[in-house]
Every structure is written in structure tokens, then in C-alpha cells.
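This report describes selected sheets, loops, cavities and ligand sites of one structure. Please read it alongside the sequence and the coordinates.

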Amino acid sequence: MVKPKIKINIKICLACGGCISICPQDALSMISSKAYLEDEKCINCGICIKTCPIGAIKEDKK
Amino acid sequence: MEYDAVVVGGGPAGSVTARFAAESGVKVIILERRTEIGVPVLCGEGISQRVDKWNMLEGTRWIASKMDGAKIFSPDGTMVSLSKEMAGNETGYVVYRDIFDQELARRAARSGADIMLNTEVTGLIKTNGKITGIKARRFDEQFEINANIIVGADGVESKIGKWAGINTVLKPYDLETCAQYTLTNIDYNSNYCEFYIGKKLAPGGYIWIFPKGENTFNVGIGVLASLSDSSLPLKLLNKFISNHNELKNGKSIRLLAGAVPVAKPVETVRDNLLLVGDAARHADSITGGGLTTSLQGGKIAGETIGKAVESHRFDKETLSIYETKWKAVFGTKLIRDYIVKEIMLDFDDKTLNMLADSLKDYKFEEFSTLSLVKALVLKHPTLLMRLKPLLKLTDKSLKKA
Ligand SMILES: Cc1cc2nc3c(=O)[nH]c(=O)nc-3n(C[C@H](O)[C@H](O)[C@H](O)COP(=O)(O)OP(=O)(O)OC[C@H]3O[C@@H](n4cnc5c(N)ncnc54)[C@H](O)[C@@H]3O)c2cc1C
Ligand code: SF4
Ligand code: SF4
């Protein structure tokens, strides 16, 4: 399994749903009014990072 | 629990679908994840005054202000104006989307629809490959509802279509990623909605200022996701506001992030399943507006469900009446405006200035994107050649202009 390189900061997320609608892997959902990532589905394409209008998704540099 | 139809999502598309289904005698329930219908508001809140003719909303509590017209500003500040005087006094409203949505839900309830809030639909139930209901979660309880028809009215992030095997994933060039402030205490007297376009200002989208009355304005931005970057919409919006003489002194009473599909509509019908509103990608590709099509499409969907329940037939063929009808009502408009979006994306700021300049004294006969598009094609037939057949404009009518 590839280690996911994206991280959602739920303190920033305002639940617009943009990242969820655009993820080609259906790896994102809305849970308790925050975007939620299912690690194992993500292919690290980075589309969601560019899509978030307020910068809640970042590359996970750890 | 058993219902004839389950509507997933209590936005405008879901409530209107449920209302018209209930009015045709259908046992229907709306399942909504939120704890208050319409809240939080994720919308610019502009709607065409055509809504008056549809008997969807009662009273006037949902209206914040009536527009005097629209002003579109090109990158160099050239203004194109569509005013109410030209458009026979029919323009649009800025609404309170929370009250607007609750009004639509109230009508659904009055017609007999059930509503369950705080309820997240988590999957479809399939029996021998056939959709027979939904799984949901409410507080810490999981439960199932059996139904003959499931309606995906679950907005831009829609999962219902995906679960049924319809590809609803948006491409980055088919999504506007948005941010908006509601600013108050602004010393600016305008009842026009304003649109600002330009590659630097809002790549692949626009900035809007919609008057809500009482010195309050919705000021927002949409950027095409394929041209955007992490937090770019919010940064560009902040920049626009801080450079604006009046807006920069405003105080923010609401901030939202948003997403609007500016895509071609998807397949909207399967056996036992319908998609409506943003879930069906029914928003307009030029304006990003999706309220009118949610109302129009919801009505058609509700009536179709009524006929299906009456005849006990829930297959794709029976439900396809919905798709045939919405295509007849607004299908051409959606495709036409998608093509306009594609053409406009190729224009640089210089071309946009030139187009605005050629329309600055134009007398528009109607307050609509259609009249704007028509004017552009009449003035620049070769530039917008691909649109000619869609507008049913003949060479004769083009020469006359
Ligand atoms: C920033 C912005 C500005 C806009 N400005 C305008 C404008 O000025 N004019 C205009 O006409 N349109 C505008 N739009 C578009 C308009 O908001 C949408 O087209 C409209 O809301 C679509 O209605 P809907 O009922 O399809 O979806 P929504 O209103 O999004 O409703 C979907 C509902 O489904 C619920 N839901 C989702 N998933 C689940 C689930 N699994 N279980 C239970 N419930 C679920 C959600 O909570 C939500 O309440 C704007 C959009 C944005 C983002
Ligand atoms: S990086 Fe790509 S695959 Fe992973 S969640 Fe984001 S959009 Fe989906
Ligand atoms: S795009 Fe950003 S704000 Fe919108 S749901 Fe995803 S993480 Fe949240």
C-alpha cells in the first residue's frame, strides 16, 4: 500500500464538498460535516489539494 | 420502514421532488444530513424572477432584495449593463437561501412528505442487483428503509449516483471552486448584481457582488478547479475586496466555501433511481446557477414518481419520462451554456475587453444569459460559430444585426 501523501486539516475544512465531487478514486466523503479520507483508496494524484478553495488539504510531508 | 420513494437530500431539488411526488399520492420521505434545512447557506443566493410564475414559494419572507439589473465588468473595467427598464421590469431576486430552502421543505411537508433530519444516507441496499432501499445513520443508530424509488438529491458531492454505477466524478475543468463573504455595513448604494471577469481576477470564473439590502452584499468568487490552486479562490477574493473602495470597509457576517458543477448533465435515470439538481449536474455552466433547474427538474421528477407508483412500474424505461422532460425544458440550455463556457475559456483578457466594448451600448431585450449569448453571436458570428446552430439563428438574422 502506498503511504497517503495528503492530509485534511478538519480545523480548516468548511464542508463545501468540492474535493469529494472531484476525487477520481471516490476516496473522500463527508463525515460529521468534514471531508474524510479513506487512505487505502487514495492514489495521491493531488487534485483535491488544488481544488480546496481555502487550503484545508495539504501534502503530508511527514 | 417502508416508503414508495426515499429522497436523499433536503435542498431545493429534494424538497420540490418530494412535494410533487406527495401531491400525486406517493408515500415519500426526505432524508437530510443537516440538523437544519438550508443551513449552512452555501450559495450566492441569486435567482431569476421567473420563479414567480411557478407556484413554488409562498409569501415574500425568502426575498432579501429585488435586483435592478446586472452589470458585467471586463478586465479593463468596460461595463455591459442589463437593466430592468430594458428587460420589461423582469430581473431577479437575491434570496435568503436558508428561508428559501425551508419554505420549499414546508410545502413538501404540507403535501404529505415526511422529513427526517440529522440522517446520513450511507449506502444503497441491493437485492439481486436491484436497488431496493437505503442504509442510513441517525445519531448512533443504523437503520434501513425499503423503497421502490431512490432519488439522489444529494448535491454537488453526490454519492447516490456513484453507488448506482453512474459516473458523476467531476473533471477539474467542470468544477468551480468558490468562496464568499456576506459583508455588511457597506456604504454602497446599488441594487445591481455585479460580475467581474478576467484571467487574473478569477481564472475560468468570476467575482460577484449581489445586493441583499440593508447595506449588505454577498461578495464571492468562483475559480475553475483546473486553473486553481490550494486556497487560491479565498486569496483572490480577499485581494479584490481590499482593493475595492467600499467593500474594504465592510464587516463580514458569513464566510463560506463552495463548489459548483459546471459540467454536462449526467445520466439521470436507472431502474429504481433518479438524480435531480446538482447531483444530476443540472447547474448552468456560465453562471453556476442551479436553483431554477433544481426547481424545474424536481417538479418533473416528483410527477414522474407519481406516475410510476400509480402504475407499479419502477424500471428505467418508466422513469425515463423524467429525463425526456427535463431535456425538453432545460437540456438545450445546459448544453449551449457548456459550449459557451468552453469557448470563453479560450479568450484572453484582451478579447474579453473587446467583446465588452462591442456590447457596452447594446439594448438587451431580456434579463438572461441567453440574451447575452445571442448578442455576442450577433456581433461576433465567426468567434462564436459553434453556437449558431444551437441558437437557431439563421444567416439572415445574423446579417441583419
Ligand atoms: C458559492 C456558491 C454560489 C452559488 N450561487 C448561486 C446563485 O446565486 N444562484 C443559483 O441559482 N445557484 C447558485 N449556486 C448553486 C446552487 O447553490 C445549487 O445549484 C443548489 O443548491 C442545488 O440544489 P440541490 O438541492 O441540488 O443541492 P443542495 O442544495 O446542495 O442540497 C443537497 C442536500 O443533500 C444533503 N446530503 C448530501 N449527501 C447526503 C447524504 N449522504 N445523506 C443525507 N443528506 C445528504 C446535503 O446536506 C444538502 O442539504 C451557488 C453555489 C455555490 C457553491
Ligand atoms: S489525492 Fe487524488 S485520489 Fe487522493 S483523495 Fe485527493 S483526489 Fe482523491
Ligand atoms: S474542498 Fe476543502 S473545504 Fe471543501 S470539503 Fe474538501 S477539504 Fe473541506
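Predicted model: local features only at pLDDT ≥ 70, side-chain atom pairs only at ≥ 80, totals over all residues.

Strand 9 (residues 119-127) and strand 10 (residues 130-138) of chain B are antiparallel and are joined by eight bridges. Strands here are DSSP runs of E with at least two residues, numbered from the N terminus, and two strands pair if DSSP finds at least two bridges between them. Strands 9 and 10 of chain B make a hairpin with two residues between them, and in its turn B:Asn128 has a positive phi of about 50°.

Strand 10 of chain B also pairs with strand 11 (residues 141-152) of chain B, in the antiparallel sense and through six bridges. Within that pairing, B:Ala136 lies opposite B:Phe143 of strand 11. The hairpin of strands 10 and 11 of chain B likewise has two residues between its strands, and B:Phe139 there adopts a positive phi near 50°.

Residues are numbered from 1 along each chain as its sequence is written, while chains are lettered from A and ligands numbered from 1 in the order in which they are written. Local features need pLDDT of at least 70 and side-chain atom pairs count only at pLDDT 80 or more, whereas totals for chains, interfaces and linings use all residues, and side-chain values use heavy atoms, with hydrogens and water left out.

## The seven-stranded sheet

Chain B contains an open sheet of seven strands with mixed pairing, in the order 6-5-13-14-15-12-16. Strand 6 (79-83) and strand 16 (251-261) of chain B each have a single partner strand, so one side of each is left without a neighbour in the sheet. From one strand to the next the twist averages 15°; the axes behind this angle are lines fitted to C-alpha atoms, and angles run from 0 to 180 degrees between N-to-C directions.

Inside this order, strand 5 (residues 69-73) and strand 13 (residues 192-196) of chain B run parallel and share five bridges. One of the bridge pairs is B:Phe73 with B:Tyr196 of strand 13.

An open sheet of three strands in chain B has the order 3-7-4 and antiparallel pairing. Its edges are strand 3 (46-48) and strand 4 (63-66) of chain B, each of which pairs on one side only. Neighbouring strands are turned by 35° against each other on average, direction ignored. Strand 3 of chain B is joined to strand 7 (residues 92-95) of chain B by three bridges, and B:Ser48 has B:Gly92 of strand 7 as its bridge partner.

The loop between strand 2 (28-31) and strand 3 of chain B holds B:Pro40, and the peptide bond from B:Val39 to B:Pro40 is cis, with omega near 0°. B:Glu45 is in the loop between strand 2 and strand 3 of chain B; although not a glycine, B:Glu45 has a positive phi, near 75°.

## Cavities and ligand sites in chain A

The whole structure has two cavities of 30 Å³ or more. A cavity is a set of points, on a 1 Å grid over the protein atoms alone, where a 1.4 Å probe fits but cannot get out, and lining residues have an atom within 4 Å of a point. Grid points are joined across faces, edges and corners, and a volume is the space filled by probe spheres set on the points. The largest cavity has a volume of about 100 Å³ and is the space taken by ligand 3; a molecule sits in a cavity if more than half of its atoms lie within 2 Å of its grid points. Its lining comprises 15 residues, with A:Cys13, A:Cys16, A:Cys19, A:Ala35 and A:Cys52 nearest the centre. The residues around ligand 3 (a heavy atom within 4 Å) include A:Cys13, A:Gly17, A:Pro53 and A:Ile57.

The second largest cavity has a volume of about 90 Å³, and ligand 2 sits in this cavity. Of its 13 lining residues, A:Ile6, A:Cys23, A:Cys42, A:Cys45 and A:Cys48 are the closest to its centre. Among the residues that surround ligand 2 are A:Cys23, A:Gln25, A:Asn44 and A:Cys48.

Conventions
Helix = DSSP H or I, 4+ residues; strand = E, 2+ residues; numbered from the N terminus. 1 Å grid on protein atoms, 1.4 Å probe; cavity = no way out; pocket = protein on both sides within 12 Å on 5 of 7 lines; lining within 4 Å.
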